[in-house]
Amino acid sequence: MLLIASTTAKAQQEPHYTQNQFNSNLLLNPAYAGSDIDNTSIGLRYRNQWTGFTGAPKTIGLIADTRHKKLGMGFTFNFDKIGIEQHITPDLNLSYHIKVSEKANLSIGLKGGIEMIKANFANLVNVDPSDPLYTGGGKLNIPYLGLGALYYNPKFYIGLSSPRLFNFDNPASPRSKVGAAHYYAYGGARLVTKNDIEFRP
């Protein structure tokens with residue numbers, strides 16, 4: 001009855017991340033680029049879900065950022081594969097950092113990239129070759145722009161962002177992948193005990 005009663009379906013379009021404060025902030029928010037003024041950061045991550053199942057999700061990501069004076073620069077490369085689809089997504093991130101007090105900063109960021117999607121329709125069964133959804137070789141390139149803001153100091157941070165606020169695809173196309181933009185609001189703190197143990201909720 002639930003299947004019959006449903007008239008619309010909504011699903012996640014962007015990759016799922018965990019432990020954001022350690023390895024995914026730049027993927028979510030371009031304003032994060034260069035927020036650690038004293039260090040250049042490079043990270044590599046790998047996620048393999050549901051091992052043993054055909055078409056199980058796999059994600060590989062490369063993240064790097066640095067800062068020169070007030071300008072932060074970052075690069076991300078994400079490879080995401082699930083089922084018959086694979087997504088390759090490189091993007092560049094620029095941020096501008098403004099000192100609002102002795103220890104606090106506000107940064108505004110811009111993200112620009114392209115999502116390259118490839119689908120292997122040969123792995124499908126019972127497909128009508130005349131269906132327009134399966135024409136065009138199963139390839140699609142979608143440029144996008146994102147925006148973000150980050151307020152931070154040595155003890156806490158709070159961010160707002162939409163990493164793919166503008167997608168430059170034709171939504172009228174039967175192969176369009178454009179849906180609603182994702183919005184993120186998040187924050188965290190750095191709590192240090194007397195024994196120099198850090199908690200980062």
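**Contacts and burial, term by term**

Biologist: What makes the 2.4 Å pair between the side chains of T59 and D80 a polar contact?
Modeller: In this predicted model, the side chains of T59 and D80 are joined at 2.4 Å. The cut-off for a pair of N or O atoms is 3.5 Å, so a pair at 2.4 Å is within the limit and counts as a polar contact.

Biologist: Why is T59 called buried?
Modeller: T59 has a relative accessible area of 5%. Buried means under 20%, so T59 belongs in that class. The residue is found in strand β2, residues 58–68. Leaving aside neighbours within four places in sequence, T59 is in contact with R45, Y46, R47, N78, F79 and D80.

Biologist: How do you know that S107 is buried?
Modeller: The relative accessible area of S107 is 0%. The limit is under 20%, and S107 is therefore buried. S107 is found in strand β5, which covers residues 105–119. The side chain of S107 reaches the backbone oxygen of A31 at 2.8 Å. Not counting residues up to four places away in sequence, S107 touches A31, Y96, H97, G148, A149, L150 and Y152.

Biologist: What makes the charged end of R164 sit over the ring of Y144?
Modeller: The charged end of R164 is 4.8 Å from the ring centre of Y144.

Biologist: Why is the aromatic pair of Y151 and F156 called tilted?
Modeller: The structure holds 2 aromatic pairs. In the pair of Y151 and F156, the centres are 5.9 Å apart and the planes make 45 degrees. Centres must lie within 6.5 Å, stacked is under 30 degrees and edge-to-face over 60, so 45 degrees falls in the remaining class, tilted. Y151 is partly exposed at 28%, and F156 is partly exposed at 37%.

Biologist: How do you know that D91 and K111 meet in a salt bridge?
Modeller: There are 4 salt bridges in the structure. For D91 and K111 the N to O distance is 3.4 Å; the limit is 4 Å, so the pair qualifies. D91 lies in strand β4 (residues 85–99) and K111 in strand β5, so the pair ties together parts that are 20 residues apart in sequence. Both D91 and K111 are buried.

Biologist: What makes R190, E198 and R200 a network of salt bridges?
Modeller: R190 and E198 meet at 2.8 Å, N to O. E198 forms a salt bridge with R200 as well, with the closest N and O atoms 3.0 Å apart. Each distance is within 4 Å, and R190, E198 and R200 are thus linked in a network. R190 is partly exposed at 35%, E198 at 34% and R200 at 42%.

Terms used: Residues are numbered from 1 along each chain as its sequence is written. This is a predicted model: local features need pLDDT of at least 70, side-chain atom pairs count only at pLDDT 80 or more; totals for chains, interfaces and linings use all residues. Side-chain values use heavy atoms; hydrogens and water are left out. Helices (H or I, at least four residues) and strands (E, at least two) are DSSP runs, numbered from the N terminus. Buried means under 20% relative accessible area, exposed over 50%, partly exposed in between (1.4 Å probe, protein chains only). A polar contact is a pair of N or O atoms within 3.5 Å; within protein, one must be able to donate a hydrogen and the other to accept it, and residues adjacent in sequence count only if both atoms are side-chain atoms. Contact means heavy atoms within 4.5 Å. Rings of Phe, Tyr and Trp (its six-membered ring) pair if their centres lie within 6.5 Å; planes under 30 degrees apart count as stacked, over 60 as edge-to-face and the rest as tilted. A charge sits over a ring if NZ of Lys or CZ of Arg is within 6 Å of the ring centre and within 35 degrees of the ring normal. A salt bridge is a side-chain nitrogen of Lys or Arg within 4 Å of a carboxyl oxygen of Asp or Glu.
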